[in-house]
Amino acid sequence: MKRWLSRAGISLLFAMLFAPVALAANAFDVYSDPSCGCCGAWVEYMRAHGYTVSVHQDQPMAAVKARFGVPARAMSCHTALIDGYVVEGHVPVEDIRRLLVERPDAIGLAAPGMPMGSPGMDTGRSERYEVVLIGRDGSTRVYATHGPGA
């Protein structure tokens, strides 16, 4: 019985020590324009995939993007932050999960523009689109391709 209690105590201690790290990697801060419905749809998509999302709609979006280093060619409608990375636009959850596992030395990911068929842009029409990795120098490279024929 004592051995079981000590194992339970050690397990509880580890859970308490590492829970804040796990929660931090599960929490988004999303900056968007209050009139943008597709941003809200993306937020709900992320919540449905188990993420905690705080939405901020009180800041000029151009300033937000500049502050977080999003280059013009990677811009979309909303900007999100998670665990030290920027997620710009309608990036699918599988790409975000991959980013958080691989942890590249980068600013983050972007789905430039507002691609039809991406999460939050589900209008019944889909197009092929790329998610790009934003380098620390502002460069971009293809990280994933989605949509028809991907």
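**Exercise 1. Salt bridges within a helix and across the chain**

A search of the whole structure finds 6 salt bridges, a salt bridge being a side-chain nitrogen of Lys or Arg within 4 Å of a carboxyl oxygen of Asp or Glu. The structure is a predicted model, in which local features need pLDDT of at least 70 and side-chain atom pairs count only at pLDDT 80 or more, while totals for chains, interfaces and linings use all residues. Residues are numbered from 1 along each chain as its sequence is written, and side-chain values use heavy atoms, with hydrogens and water left out.

Task: find which residue forms a salt bridge with Arg47, and then describe where Glu88 and Lys65 lie and whether they are buried or exposed.

Solution. 

Step 1. Side chains of opposite charge can pair when their charged atoms come close. The partner of Arg47 is Glu44, and their closest N and O atoms are 2.9 Å apart.

Step 2. Helices (H or I, at least four residues) and strands (E, at least two) are DSSP runs, numbered from the N terminus. Because Arg47 and Glu44 are 3 residues apart in helix H2 (residues 37-48), about one helical turn separates them. An α-helix has 3.6 residues a turn, so residues three or four places apart point the same way.

Step 3. For accessibility, buried means under 20% relative accessible area, exposed over 50%, and partly exposed in between (1.4 Å probe, protein chains only). Arg47, with a relative accessible area of 37%, is partly exposed, and Glu44 is partly exposed at 45%.

Step 4. In the salt bridge of Glu88 with Lys65, the closest N and O atoms are 2.5 Å apart. This pair links distant parts of the chain, since Glu88 belongs to strand E4 (residues 85-89) and Lys65 to helix H3 (residues 61-67), 23 residues apart. Both Glu88 and Lys65 are buried.

**Exercise 2. The neighbours of strand E6**

Task: state how many residues of strand E6 are buried, and how many bridges join E6 to E5 and to E7.

Solution. 

Step 1. Strand E6 (residues 129-135) is mostly covered, as 6 of its 7 residues are buried.

Step 2. Two strands pair if DSSP finds at least two bridges between them. E5 and E6 run antiparallel and are joined by 4 bridges, and Ala106 stands opposite Gly135 in E6.

Step 3. E6 and strand E7 (residues 140-146) also run antiparallel, with 6 bridges between them, and the bridge partner of Leu133 in E7 is Arg141.

Step 4. The hairpin of E6 and E7 has 4 residues between the strands, and in this hairpin Gly138 takes a positive phi near 90°.

**Exercise 3. Aromatic rings and charges**

Task: identify what kind of aromatic pair Tyr31 and Phe68 form, and which charged end sits over the ring of Tyr143.

Solution. 

Step 1. Rings of Phe, Tyr and Trp (its six-membered ring) pair if their centres lie within 6.5 Å; planes under 30 degrees apart count as stacked, over 60 as edge-to-face and the rest as tilted. By this rule there are 3 aromatic pairs.

Step 2. The pair of Tyr31 and Phe68 is tilted, with 5.8 Å centre to centre and 45° between the planes. Tyr31 lies in strand E1 (residues 27-31) and Phe68 in the loop between H3 and E3, so the pair ties together parts that are 37 residues apart in sequence. Tyr31 is buried, at 10% relative accessibility.

Step 3. Ring pairs also link Phe28, Trp42 and Tyr51 into a cluster.

Step 4. A charge sits over a ring if NZ of Lys or CZ of Arg is within 6 Å of the ring centre and within 35 degrees of the ring normal. The charged end of Arg98 sits over the ring of Tyr143, 3.7 Å from its centre, and that of Arg67 sits over the ring of Tyr31, 5.9 Å from its centre.
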